Amino acid sequence: MKAAVVVGAQWGDEGKAKVIDYLTERADIIARFQGGANAGHTVVVEGRKFVFHLVPSGVLYPDKICVIGNGVVVDPLALLDEIEQIRQRGIETEGRVLLSSKAHLILPVHKALDGAMERSKGERSIGTTGRGIGPAYSEKAQRGGIQAAELLDVGRLRERLVAVLERGNRLLERVFGEEGVEIDEVLERYSDAAGRLASSIRDTSRLLDEAMRAGHRVLLEGAQGTMLDIDHGTYPFVTSSNPTAGGACLGTGIGPSRVGRVVGIAKAYATRVGHGPFPTELEGEMGERLRDWGGEYGATTGRPRRCGWFDAVALRYAARVNGLDELAVTKLDVLDRVDEIAVCTGYRIDGRELDDVPLRSDEWEGIEPIYEWLPGWKSETSGLRKLEELPGRARAYLERIGALTGVPVGLVSVGPDRAQTLRTADHELFITG
Ligand code: GDP
Ligand code: IMO
Ligand code: MG
């Protein structure tokens, strides 16, 4: 059985977790492949709201295995806290939330460096989530990082921690003129965490391989979104990992031939949190309405999200770099009250028209979106459960999105709850091969 990949097709917060939770019913294993606790993944089931940061969004089904892949950067303390919170809400996690032995650790020094680097950038700061993501991936790329497997030997771990913390502290103090982190306290807390996480550390690449060979269905969960990808996003205003579909293989240790369908999640409009280009951003009253109706505040940091119209140019690009087979369109209900809805079909830069993203990163700043206007449906969709029940104009909007992006819409979400989901595709998500 081939794995299916779910990725964010915009700037993150597309409603990935909601869709993953919904699709998990048909899966056996859900594996996160990149990012860290910068992610805020919201799932609502019968009015109960959960926000996950590191734990895969399939965890609410008691019989499913949740894997945190090698591509994820993990603060062991944050992971233990999150698992504890989930347990306290009556969800058993024992033996089914597993951590790759190759996942790299985030330490307090990485968080401190994240803040220090942001402050030093001043006006050109990225607006990171402050979770230490950039410095932890830098540490990994520099070949100084600590992998989860090293938690299994506490004696050696302490030496490794001291080396990484001392180096980080030197950077903090000498380059950024800031205070270093307290080393002894970190050693105590991380040695303790090591003992508590030890039983969940596995060779998860092997586990996934064996599961797929046995016919089990694996769902690979992306965090962030395509336009935040370090290679394919709006660099340098990006995160430090690959949220695009290729990252799913690298971040879990399975080969590309083992992946089948790729599903892209997109809101019926667009949002971005943090700094950087956002061509369809609405700064006036309409932007505020979308924020208000969509509850657009960050699930991790609580920051207000910037809101704008659906950007079909960025989506077409996402379709290409991810190889999307199918789109899931979320938050359609947020547009229920809008009279006329705009969709960006092209970019104008210095009088030139583009049907693709610009080549140079500085060109993003001067983009004027070219809009096509569609009539709103002006009726409530949140109670609807079948595609045929959607108002004609809502269906026309979805069809237009499908046509402009070249990707069929296979799922529509009309509210945060698991039940408020319309699966419109008649094919299977998991294919054999
Ligand atoms: P993720 O990071 O992609 O998983 O998305 P977030 O959880 O950060 O943000 C999505 C927000 O929209 C959450 O508050 C969800 O509960 C909510 N949401 C998801 N789908 C829908 C939908 O179809 N309609 C509405 N109104 N809210 C939704
Ligand atoms: P989910 O998985 C939206 C943004 C930050 C910042 C940039 C870099 O919930 O969709 P980082 O802390 O990663 O170094 O920040 O990326 N960002 C997200 N935006 N959703 C997310 O995750 C994000 N994770 C990071 O706001 O602009
Ligand atoms: Mg989110």
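1. Some housekeeping. Residues are numbered from 1 along each chain as its sequence is written, while chains are lettered from A and ligands numbered from 1 in the order in which they are written. Because the model is predicted, local features need pLDDT of at least 70 and side-chain atom pairs count only at pLDDT 80 or more, though totals for chains, interfaces and linings use all residues; side-chain values use heavy atoms, with hydrogens and water left out.

2. Ligand 1, the neighbours. The shell here has 18 residues, and Lys16, Gly40, Thr42, Asp333 and Ser413 are the closest (a residue is near if one of its heavy atoms lies within 4 Å). By class, five are nonpolar, six polar and seven charged. The classes work like this: Ala, Val, Leu, Ile, Met, Phe, Trp, Tyr, Cys and Pro are nonpolar, Asp, Glu, Lys and Arg charged, and the others, Gly among them, polar.

3. The side chain of Ser413 puts an N or O atom 2.5 Å from an oxygen atom of the ligand. Lys331 has a polar side-chain atom 2.8 Å from a ligand 1 oxygen, and a polar backbone atom of Glu14 is 3.0 Å from an oxygen of ligand 1. On its own ligand 1 has 580 Å² of accessible area, and the protein covers 92% of that (Shrake-Rupley method, 1.4 Å probe).

4. Ligand 1, the setting. Ligand 1 sits in the second largest pocket. A pocket here is an open set of points on a 1 Å grid over the protein atoms alone, where a 1.4 Å probe fits and protein lies on both sides within 12 Å along at least five of seven lines; to sit in one, a molecule needs more than half of its atoms within 2 Å of the grid points. Helix 1 (16–24) and strand 3 (41–45) are the elements giving two or more residues to the shell, and helix 1 has the largest share, with three residues. Helices (H or I, at least four residues) and strands (E, at least two) are DSSP runs, numbered from the N terminus.

5. Ligand 2. Around this one there are 21 residues, with Asp13, Lys16, His41, Thr129 and Thr239 nearest. At least three shell residues come from each of domain 1 (3–90 + 203–423) and domain 2 (104–200), with bounds from an automatic or database domain assignment.

6. Backbone points to look at. The Tyr235 to Pro236 peptide bond is cis, omega near 5 degrees, and Pro236 is in the loop between strand 10 (218–221) and helix 8 (246–250). Lys331, a ligand 1 contact, has a positive phi near 60 degrees and lies between strand 15 (326–330) and strand 16 (340–349). Asp350 also has a positive phi, about 50 degrees, in the loop between strand 16 and strand 17 (352–354).

How values were computed
Polar contact = N/O pair within 3.5 Å; in protein donor to acceptor, adjacent residues only side chain to side chain. 1 Å grid on protein atoms, 1.4 Å probe; cavity = no way out; pocket = protein on both sides within 12 Å on 5 of 7 lines; lining within 4 Å.
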